[in-house]
Amino acid sequence: MIPERPGARRQRHDSVRGPGHRASDMIPFATGSRPARPTSGPLPTARIVLLGASNLALTFRWAKAAALAAAGPGPAEVLAATGLGRAYGVPSRILLREQPAILQSEIWDRLAIAHQQQALPVYALVTDLGNDLAYGVTADTFTRTIADCLARLTNVGARIAVTPFPLES
């Protein structure tokens, strides 16, 4: 586990948060290694999936708190694919940092494995739509990409909230 230092700023890639909601349970997927599931604390009673780009990255704590409240009492496992400039269907690069597309993220493997090991209620937020279009992806391709993400979430029985496109940008 990689502890989060007080006051340290860290860009989140793909991550899984285990039971107990402690910052020290955050395990980034960006390293490409298979994460170890936290073994201490109570078992989760829900699974939360947060997908998005800059807005989600900047409001992650608030979005996570709102999702935990919606999931009800008890510990929850939180999986997130977020980051500045992140896109759903194409890799993105901000300065020297490249991120895979959300659709190619390791979060999907982790979600499928976790669901096979322990089926839990899943609550998902899909937000920050539109970076793909800014990167030159056609509307048809973008629609198929989002449909694929939604289908993957539906396959694990997720209750899904999708935010609309911004009116101005």
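Modeller: A residue counts as buried under 20% relative accessible area and as exposed over 50%, with partly exposed in between. The model is predicted, and these terms apply to it as follows.

Biologist: Why is Arg 152 called partly exposed?

Modeller: Its relative accessible area is 28%.

Biologist: What makes Arg 152 and Asp 148 a salt bridge?

Modeller: The term requires a side-chain nitrogen of Lys or Arg within 4 Å of a carboxyl oxygen of Asp or Glu. For Arg 152 and Asp 148 the closest N and O atoms are 3.3 Å apart, so the pair meets the cut-off of 4 Å. Both residues lie in helix α5, 4 residues apart, about one turn of the helix.

Biologist: How many salt bridges does the structure hold?

Modeller: It holds 3. One of them joins the side chains of Arg 47 and Glu 77, at 2.6 Å from N to O. This pair links distant parts of the chain, with Arg 47 in strand β3 and Glu 77 in strand β4, 30 residues apart. Another is formed by Arg 110 and Glu 77, whose closest N and O atoms are also 2.6 Å apart. Here Arg 110 sits in helix α3 and Glu 77 in strand β4, 33 residues apart.

Biologist: Which residues are linked in a network of salt bridges?

Modeller: Arg 47, Glu 77 and Arg 110. Arg 47 and Glu 77 are buried, and Arg 110 is buried as well.

Biologist: Why is Arg 47, a charged residue, counted as it is for accessibility?

Modeller: Its relative accessibility is 0%, so Arg 47 counts as buried. The residues that Arg 47 touches, leaving out those up to four places away in sequence, include Glu 77, Leu 79, Leu 111, His 115 and Tyr 123.

Biologist: How do you know that the length of helix α5 agrees with its number of residues?

Modeller: Helix α5 has 17 residues, 139-155. At 1.5 Å a residue they should span 24 Å, and the end C-alpha atoms are 24 Å apart, so the two values agree.

Biologist: Which residues of α5 are buried?

Modeller: Phe 142, Thr 145, Ile 146, Cys 149 and Leu 153. They cover an arc of only 90° around the axis, which puts them on the same side of α5. On the other side of α5, Asp 140, Thr 143, Arg 144 and Asn 155 are exposed. The cover over the buried residues of α5 includes β3, α3, β7, α4 and β8.

Biologist: What comes after α5?

Modeller: Gly 157, with a positive phi near 75°.

Biologist: Which residues of α3 are buried?

Modeller: Ile 107, Trp 108, Arg 110, Leu 111 and Ala 114. Their arc around the axis is only 160°, which puts them on the same side of α3. The face turned away from that side carries the exposed residues Gln 116 and Gln 117.

Biologist: Which members of the largest nonpolar core touch the most other members?

Modeller: Of its 21 residues, these are Val 49, Leu 51, Tyr 88, Ile 107, Trp 108 and Leu 153. At least two residues of this core come from each of β3, β4, α3, β7 and α5. The largest share, 4 residues, is from α5. Apart from this core lies another, of 13 residues, among them Ala 46, Leu 50, Phe 60 and Ala 71.

Biologist: What is Trp 108 in contact with beyond four places in sequence?

Modeller: Leu 51, Ile 102, Leu 103, Cys 149, Arg 152 and Leu 153.

Biologist: Why does Tyr 88 get its accessibility label?

Modeller: Tyr 88 has 0% relative accessibility, so it counts as buried. Tyr 88 is found in the loop between β4 and β5.

Notes: Residues are numbered from 1 along each chain as its sequence is written. This is a predicted model: local features need pLDDT of at least 70, side-chain atom pairs count only at pLDDT 80 or more; totals for chains, interfaces and linings use all residues. Side-chain values use heavy atoms; hydrogens and water are left out. The expected span of a helix is 1.5 Å times one less than its number of residues. Buried means under 20% relative accessible area, exposed over 50%, partly exposed in between (1.4 Å probe, protein chains only). The arc is that of the directions from the helix axis to the C-beta atoms. Contact means heavy atoms within 4.5 Å. A nonpolar core is a set of buried Ala, Val, Leu, Ile, Met, Phe, Trp, Tyr and Cys residues joined through side-chain atoms within 4.5 Å.
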